[in-house]
Amino acid sequence: MTVRDPALDVFEEHRSVLTGVAYRMLGRVADAEDVVQDAWLRWSRADREEVRDARGFLVRVTTRLAIDRLRQVQSRRETYVGQWLPEPLATDFGATVPDTAERAVLAESVSLGVLVVLESLSPLERAVFVLREAFAFPYQEIAAVLDRSEAAVRQLAGRARRHVDEGRPRFPVDAAEQRALTEKFLAAATGGSLEDLLALLAPDVRLVGDSGGKSKAPLRVLQSADKVGRFLFAVSRTGVAEPEFRFLELNGRPALLVLSAGRPDSVLSIELSGDGRIAAVYIQRNPDKLAGLAP
């Protein structure tokens with residue numbers, strides 16, 4: 001007969017929240033999993049009879065570990081080759097979060113646009129934003145997690161919210177519209193003309209590519225319909241070996257996975273402008289960040 005471990009049962013009950021906090025803090029699945037594993041080790045060694053609130057204890061430990069890890073990886077990112085984008089995260093909130101409003105909040109908080117903006121926050125600001133905006137933690141609980149006063153936490157939250165509002169996509173996302181526009185984008189890039197592609201792009205569209213120096217992608221952000229369109233059109237004509245295209249839900253949004261000979265080659269995600277054109281294109285080509293999407 002298998003003997004269940006009560007400590008493990010409690011931990012597994014809260015694992016999804018802990019992983020969600022860690023990923024939003026760090027932007028990499030492997031880093032998030034390492035932090036959650038460290039949190040389990042702390043929990044397994046803790047005097048659990050002294051813990052009155054298991055969820056609060058686990059979130060506090062995970063958040064503090066994530067802050068420490070974020071400070072370490074931020075120094076490494078200073079020497080990162082080219083632009084840095086978060087690792088694509090396969091999401092299916094519909095299966096676990098039936099409430100539409102809660103699903104929208106979780107999807108927004110894990111979207112590429114928001115995660116890119118979060119990179120510019122301090123570790124404490126990022127922690128407050130994630131706990132407050134994504135998981136609706138009360139300020140009093142966040143203060144206990146971070147060992148700060150409630151007034152200080154509210155101040156951090158205000159700064160983080162203003163910064164994110166300034167940098168996040170300005171228009172609400174409709175998943176069906178985004179999927180349809182991504183399909184049009186794919187058709188124009190692979191089989192249409194440059195004019196067809198340019199017609200889909202907003203005048204001030206941005207393209208951000210992440211290769212980590214391990215594959216081909218722009219090292220700098222491209223901006224303007226002409227630059228982005230010509231780059232994408234040229235790249236599409238070069239092609240990949242044995243291409244295959246799949247639509248997935250990544251980071252709460254429809255995205256396009258490009259496979260080459262059955263292996264992940266790149267992930268393409270877009271943001272929409274107010275007039276229904278493409279405002280931003282994100283291309284992830286760092287093979288280290290695509291390994292988890294292998295079929």
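Helices α3 and α8 (residues 139–146) pack at an angle of about 55 degrees, with their axes 9 Å apart; axes are lines fitted to C-alpha atoms, for helices over the stretch in contact, and angles run from 0 to 180 degrees between N-to-C directions. The two helices α3 and α8 are therefore oblique to each other, given that angles under 35 degrees count as roughly parallel, over 145 as roughly antiparallel, 65 to 115 as roughly perpendicular and the rest as oblique. Helices (H or I, at least four residues) are DSSP runs, numbered from the N terminus. The crossing of α3 and α8 is right-handed; a crossing has this hand if the near helix is turned clockwise from the far one by less than a right angle, and is left-handed if anticlockwise. Contact, defined as heavy atoms within 4.5 Å, involves Arg55, Val59, Arg60, Thr63, Arg64 and Ile67 of α3 and Glu141, Ala144, Val145 and Leu146 of α8. These residues of the α3 and α8 contact comprise 5 nonpolar, 1 polar and 4 charged, where Ala, Val, Leu, Ile, Met, Phe, Trp, Tyr, Cys and Pro count as nonpolar, Asp, Glu, Lys and Arg as charged, and the others, Gly among them, as polar.

The model is predicted: local features need pLDDT of at least 70, side-chain atom pairs count only at pLDDT 80 or more, and totals for chains, interfaces and linings use all residues. Residues are numbered from 1 along each chain as its sequence is written, and side-chain values use heavy atoms, with hydrogens and water left out.

Helix α3 (residues 54–77) also packs against helix α2 (residues 29–45), their axes coming within 9 Å and crossing at roughly 135 degrees. Helices α2 and α3 are therefore oblique, and α2 passes α3 in a right-handed crossing. On the α2 side, the contact includes Asp31, Asp34, Val35 and Trp43, which meet α3 residues including Phe57, Leu58, Val61 and Arg69. The contact of α2 with α3 has 10 nonpolar, 1 polar and 5 charged residues.

Val21, Arg24, Met25 and Leu26 of α1 make the contact with Pro123, Arg126, Ala127, Val130, Leu131 and Ala134 of α7. By class, the α1 and α7 contact has 8 nonpolar, no polar and 2 charged residues.
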